[in-house]
Amino acid sequence: MTVELEISAVTIVLVGEFNPKIFHPSWFELQGVMSASEAASVDVKVVHPDLTQIEFGNLLITAERQRFSIATSSAPLVATIDLVAQVFGRLLTHTPIHQAGINTQRHYRLSSMEQRHEFGRKIAPLSVWGKWGERMNDKELDKESQNGVQVLAMREFYRDAPWAGWRQVKVEPSTVVAHNLGVFIDKNHHIYQEPPVKERLAAPDLVQYMSKCFDDVIADSTWIENELFKATDVF
Amino acid sequence: MLRISAFKERQLKVAANSEGAAAGVANNPEAMNIDDNASLLLPFTPVAPLPSSLTAIQEWEGYVTEIHETSFEASLMDVTRGMRYETEKAELLISDLSSEDRERLSVGAIFRWVIGYQTHRGMRQRVSQVYFRKMPDWSMVELAAVSKRADELLESLGLT
């Protein structure tokens, strides 16, 4: 195999109406989401009516008035959806949540800079850009300057009543993997209530759906990435 | 009054969408020399990098079937292969669990067992980790929701 997964992360994002200042470790402990020792080990970055950010083990929790997110780059990634399920499925069940996303971020290492260059040429051929493409393909210029695709995004819509949304995959060079060997793939699995919305479903309904489909969403990211690498002969 | 730094002010202005990036693993647009307009379209990046990462090579979901003095037995479902039912059994050491997870150890408890590569400050090693899942009892949540809807319906019909 000529491609290796270096870092795999997930971020769950909820868009709605939140009260950031309540997400203090003492609240999590009081509600039974954290033990006393876990709450004591939390790194509190900021707690404010407009923004709270805390680091709990390998989880980074950020709450703003209209956005709540939880992220981790440490397996098992289900720890994120478990905490979301506890908070919004059991405790803050009246929280208005309008949209959500289960997003994966992966950094892959290819075997050589030439291979990554070739990968970029296959997903975004210079031939479709006419004379500009020819100019970018000038070997003397390209040697140093990494001409070509910087960001490529593809979106697929889906419907899973009463929910709907899209999968959007973005591919770009990785700035984490050194020596220009990396490819970064960011997938946004977006979820909202399928219109027309006659009665807004409650937070527990959305969170339960997210819990049930979480593993499938993660597996879907892997499948799409494998398909991409197979089709571009990276594998 | 808490003073919010200029960096945090930028965070507060992030567009309300569902895209997001985990701290420490997001691509940094400034490092890529993308122009300022393009960088505003990239996902929001939280403040601090995470201390390490654990990338799974193999992951199982299991439930505890029996507990012994120093070990416990479990039925396992291969999550990596996308299995939907248990096909394997294993015996794991209680000494491998954290103190919090030892308190969560009980027959029927659901956990994830991960084998993967842990990267910390540039160093990489293969590790095995067990995490006991903390999930709400969805049957109780559903019962509460149905009860609430029933109350609302009765109220709308003037029967309460």
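Predicted model: local features only at pLDDT ≥ 70, side-chain atom pairs only at ≥ 80, totals over all residues.
**View 1. Two strands of chain B run side by side in opposite senses, and two glutamates face each other across them.** Strand β1 of chain B, which covers residues 52-67, pairs with strand β2 of chain B, residues 71-78, in the antiparallel sense, and seven bridges connect the two. One place to look is Glu66(B), which stands opposite Glu73(B) in β2(B). In general, the side chains of a regular strand alternate between the two faces of the sheet.

**View 2. The pair from the previous view belongs to an open sheet of five strands in chain B.** Reading across this sheet, the strands of chain B come in the order β3-β2-β1-β4-β5, and their pairing is antiparallel. The edges are formed by β3 (88-93) and β5 (123-132) of chain B, each of which pairs on one side only. Strands that are neighbours in this sheet are turned by 35° against each other on average, if direction is ignored.

**View 3. Strand β6 of chain A is largely enclosed by the rest of the structure.** Of the 14 residues in this strand, which spans residues 97-110 of chain A, 11 are buried, and therefore β6(A) is described as largely enclosed. A residue is called buried here when its relative accessible area is under 20%.

**View 4. Strand β6 of chain A has antiparallel partners in β1(A) and β9(A).** With strand β1 of chain A, residues 3-16, β6(A) pairs over 13 bridges, and within this pairing Val3(A) has Leu110(A) of β6(A) as its bridge partner. With strand β9 of chain A, residues 182-193, β6(A) is joined by 11 bridges, and here the bridge partner of Gln99(A) is Tyr192(A) in β9(A).

**View 5. Chain A is shown as a whole, as the setting for strand β6(A).** The chain contains seven helices and nine strands, and its C-alpha trace spans about 65 × 45 × 30 Å along the principal axes. Of its 235 residues, 54% count as buried, while the accessible surface of chain A comes to about 10,400 Å², of which 54% belongs to carbon and sulfur atoms. Among the contacts in chain A with a separation of 6 or more, 68% are between residues 24 or more positions apart. Chain A carries 23 positive and 30 negative side chains, and the centres of these two sets lie 4 Å apart.

Note on methods. Residues numbered from 1 in each chain as written. Chains lettered and ligands numbered in written order. Heavy atoms only, no water. Pairing = 2+ DSSP bridges. Helix = DSSP H or I, 4+ residues; strand = E, 2+ residues; numbered from the N terminus. Axes fitted to C-alpha atoms, helices over the stretch in contact; angles between N-to-C directions. Buried < 20%, exposed > 50% of the residue type's maximum accessible area, 1.4 Å probe, protein only. Contact = heavy atoms within 4.5 Å. Areas by Shrake-Rupley, 256 points an atom, 1.4 Å probe, with all protein chains shown as cover. Lys, Arg positive; Asp, Glu negative; His and termini not counted. Charge placed at Lys NZ, Arg CZ, Asp CG, Glu CD.
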